[in-house]
Amino acid sequence: MDLENAPSRPSGLGWLRHLWVLLGLTALIVLALLPVAQRGEVGAWLIRDALAVERLFPLFGFGIALALVPIRSARVACALWVVGMAAGLGLRVEIMDALQQIPGAITHHFLTMPISAIAIGATLALGRAPRPVLILPAALILGVMYALATKLSDPSYGGKPWVFLAGAALGVWLTGAVALSLRSWRAGWFEIAGRIVGSWLVAIGILYGGVALMGNKLKAKTASPQNAASENPPAAQSAVPEADAFPSFGAPPPAAPPGEKKPEFQP
């Protein structure tokens, strides 16, 4: 195994990695156990939206990629991820204006999940040699998409910064927890497992993006008023009779012959 690309050996500060994971998990568990009314706006958003599976998958893959590249590439990728989040926050209107040209983008969070999943998944799936280079643009793209998705799900409609800061903190914690945990160990099967996870992420991104792109074409067509009558079955067309179908309906009966009693009129 290439020692440069392999996860680093556990150091004397390994307990800090375990503390990092433990503190984050404890905070999330306590927040989840609180009654809904006591979570507050930010806490309720974290449990309901920020911890959604489609939001965590790309971050999980990013943490794996950080653990499988040299430490120098990992540091640059982390910096680019932060830069991408800042760019996604500041240029979110321009980014949404560009992405809305794609069919189905508006109704699927502007395709933030498939774009992130494909970028990080390709970084993992293409192997060890190109990964230190591919992780740099992938980290920038992930940061932009994560910031955009966080703002789109903001329950305060962008009026309060606490939601975005909480989402950024969650992303930093999850990515760091995965990367630091994997770097604490040294196993030869990490490379194969990383490529498998990357393939899954690419497949999920393509499937989700394909459903979003084909969303309008998969909807059932609604008959227009002009041809609605022609599309109805014959039984439905003849359910209501025409006005002259029964000309004697409602008319008084004919006069009785001489010598017979006139029948009573029944309207």
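# Pockets and helix packing

The largest pocket has a volume of about 320 Å³. This is a predicted model, in which local features need pLDDT of at least 70 and side-chain atom pairs count only at pLDDT 80 or more, while totals for chains, interfaces and linings use all residues. Residues are numbered from 1 along each chain as its sequence is written, and side-chain values use heavy atoms, with hydrogens and water left out.

**Pockets**

- Rolling a probe the size of a water molecule over the atoms shows where empty space is left.
- On a 1 Å grid over the protein atoms alone, a pocket is an open set of points where a 1.4 Å probe fits, with protein on both sides within 12 Å along at least five of seven lines; lining residues have an atom within 4 Å of a point.
- Grid points are joined across faces, edges and corners, and a volume is the space filled by probe spheres set on the points.
- The lining of the largest pocket comprises 15 residues, and L66, C78, G176, A179 and L180 lie nearest its centre. Two or more lining residues come from each of α3, α4 (71-90) and α8 (162-183); helices are DSSP runs (H or I, at least four residues) numbered from the N terminus.
- By class, this lining of the largest pocket has 11 nonpolar, 2 polar and 2 charged residues. Ala, Val, Leu, Ile, Met, Phe, Trp, Tyr, Cys and Pro count as nonpolar, Asp, Glu, Lys and Arg as charged, and the others, Gly among them, as polar.
- The second largest pocket holds about 190 Å³ of space. Its lining has 16 residues, with E54, R55, T112, M113 and A149 nearest the centre.
- α3, α6 (112-125) and α7 are the elements that give two or more residues to the lining of the second largest pocket. That lining divides into 9 nonpolar, 4 polar and 3 charged residues.

**Helix α3 with α7**

- The axes of α3 (residues 53-67) and α7 (residues 131-152) come within 11 Å and cross at roughly 155°. Axes are lines fitted to C-alpha atoms, for helices over the stretch in contact, and angles run from 0 to 180 degrees between N-to-C directions.
- This makes α3 roughly antiparallel to α7 (an angle over 145 degrees).
- Their crossing is left-handed, meaning that the near helix is turned anticlockwise from the far one by less than a right angle.
- R55, P58, L59, F62, A65 and L66 of α3 meet I135, A139, L142, Y146, A149 and T150 of α7, where contact means heavy atoms within 4.5 Å. These residues divide into 10 nonpolar, 1 polar and 1 charged.

- α4 and α8 pack at an angle of about 165°, with axes 12 Å apart, which makes α4 roughly antiparallel to α8.
- I71, A74, W81, M85 and L89 of α4 make the contact with F164, A168, G171, V172 and R183 of α8. These residues comprise 8 nonpolar, 1 polar and 1 charged.

Note on methods. Angles under 35 degrees count as roughly parallel, over 145 as roughly antiparallel, 65 to 115 as roughly perpendicular and the rest as oblique.
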